[in-house]
Amino acid sequence: METLTVQRVIAAPIADVFGWCATTTNYTRTPFVLKARLARPGQNAPYGVDAVRLHTWAIGWFRERITTYNPPYDFDYVVERSFPPARHELGRMTFTEVSGGTLVAWTTAFQVPLPLVGAALTRAFAKPVVAHVFGKILDAADTALATAWTNVDTVEGHR
């Protein structure tokens, strides 16, 4: 099992960053996420507990279910099914207010479930690919939200 955490400071308020990251359709703003949709709304919020999100990446397909949802601070999810198959024990995004915006930490623990070579394949191939895609999704969030925040602040005379 490999654990991976990708972090970024996004120049926007915590509630905006949380909302952007919880909304799976935003992930298609990168060339690596081809399709994303909410397959089933969650309890008390579209992307709340028990929401089901479907993602088609350039490298595969993932069905995720939200397991905890604490806006605007964190949410957890589990990959229930995927192709190619993967063992998944943790998906978590946390959001912390910091100087200059919001620190996002996106953590996942997973492994390619192949006998003998699965751990090595996860470490050498899957982990760097997932880290790259997570980073690009967070870059897209920063681009979308920082631009909006800068424009609002400029209009209001704060910058």
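Visitor: Is Leu54 buried or exposed in this structure?
Guide: This is a predicted model, and in it Leu54 is found in strand 3. The relative accessible area of Leu54 is 13%. Buried means under 20%, so the word for Leu54 is buried.

Visitor: Which residues does Leu54 touch, not counting residues up to four places away in sequence?
Guide: Leu54 belongs to strand 3, and neighbours up to four places away in sequence are set aside here. What remains for Leu54 is Lys35, Ala36, Arg37, Ala39, Trp61, Phe62 and Arg63.

Visitor: How many Å separate the C-alpha atoms of Leu54 and Pro85?
Guide: Along the chain, Leu54 and Pro85 are 31 residues apart.

Visitor: Let's turn to the pocket. What is the volume of the largest pocket?
Guide: Rolling a probe the size of a water molecule over the atoms shows where empty space is left. For the largest pocket, the volume comes to about 440 Å³.

Visitor: Which lining residues are the closest to the centre of the largest pocket?
Guide: The lining of the largest pocket has 21 residues. The closest to the centre are Ile59, Phe62, Ala86, Phe110 and Val130.

Visitor: Which element gives the largest share of the lining of the largest pocket?
Guide: Strand 3, strand 4, strand 5, strand 7 and helix 2 each supply at least two residues of that lining. Five residues make up the largest share, and they come from helix 2.

Visitor: How many residues of the lining of the largest pocket are nonpolar?
Guide: The lining of the largest pocket includes one charged residue and three polar ones. The nonpolar residues of that lining number 17.

Visitor: Now the aromatic rings. What kind of aromatic pair do Phe18 and Phe75 form?
Guide: A search of the whole structure finds nine aromatic pairs. A pair of aromatic rings is described by the distance of the centres and the angle of the planes. For Phe18 and Phe75 these are 5.7 Å and 90 degrees. Planes over 60 degrees apart count as edge-to-face, so the pair of Phe18 and Phe75 is edge-to-face.

Visitor: How many residues apart are Phe18 and Phe75, and are they buried or exposed?
Guide: Phe18 is buried at 3% relative accessible area, and Phe75 is buried at 1%. Phe18 sits in helix 1 and Phe75 in strand 5, so the pair links distant parts of the chain, 57 residues apart.

Visitor: Which residues do ring pairs link into a cluster?
Guide: Here the ring pairs join several aromatic residues into a cluster. Its members are Trp20, Tyr27, Trp57, Phe62, Trp106 and Phe134.

Visitor: Which residues does Ile137 touch, not counting residues up to four places away in sequence?
Guide: Ile137 lies in helix 2 and is buried, with a relative accessible area of 0%. Ile137 and Val33 are 104 residues apart in sequence, yet 8.6 Å apart in space, C-alpha to C-alpha. With those sequence neighbours not counted, Ile137 touches Trp20, Tyr27, Thr30, Val33 and Trp106.

Visitor: Leaving aside its neighbours within four places in sequence, which residues is Thr24 in contact with?
Guide: Thr24 is in the loop between helix 1 and strand 2. With a relative accessible area of 0%, Thr24 is buried. Beyond its neighbours within four places in sequence, the contacts of Thr24 are Ala36, Arg37, Leu38, Tyr47, Arg53 and His55.

Visitor: The charged end of Arg53 sits over the ring of which residue?
Guide: Arg53 is one of the contacts of Thr24. The charged end of Arg53 is 5.5 Å from the centre of the ring it sits over, which belongs to Tyr77.

Visitor: What is omega for the cis peptide bond that joins Phe83 and Pro84?
Guide: Pro84 is in the loop between strand 5 and strand 6. For the bond joining Phe83 and Pro84, omega is about -5 degrees.

Visitor: What is the phi of Asp50?
Guide: Asn44 and Asp50 are both in the loop between strand 2 and strand 3. Asn44 counts as exposed at 84% relative accessibility, and its positive phi is about 65 degrees although Asn44 is not a glycine. Asp50 counts as partly exposed at 26%. Asp50 is not a glycine either, and its positive phi is about 75 degrees.

How values were computed
Residues numbered from 1 in each chain as written. Predicted model: local features only at pLDDT ≥ 70, side-chain atom pairs only at ≥ 80, totals over all residues. Heavy atoms only, no water. 1 Å grid on protein atoms, 1.4 Å probe; cavity = no way out; pocket = protein on both sides within 12 Å on 5 of 7 lines; lining within 4 Å. Points joined across faces, edges and corners; volume = space filled by probe spheres on them. Helix = DSSP H or I, 4+ residues; strand = E, 2+ residues; numbered from the N terminus. Nonpolar A, V, L, I, M, F, W, Y, C, P; charged D, E, K, R; others polar. Phe/Tyr/Trp six-rings, centres within 6.5 Å; stacked < 30°, edge-to-face > 60°. Buried < 20%, exposed > 50% of the residue type's maximum accessible area, 1.4 Å probe, protein only. Lys NZ or Arg CZ within 6 Å of the ring centre and 35° of its normal. Contact = heavy atoms within 4.5 Å.
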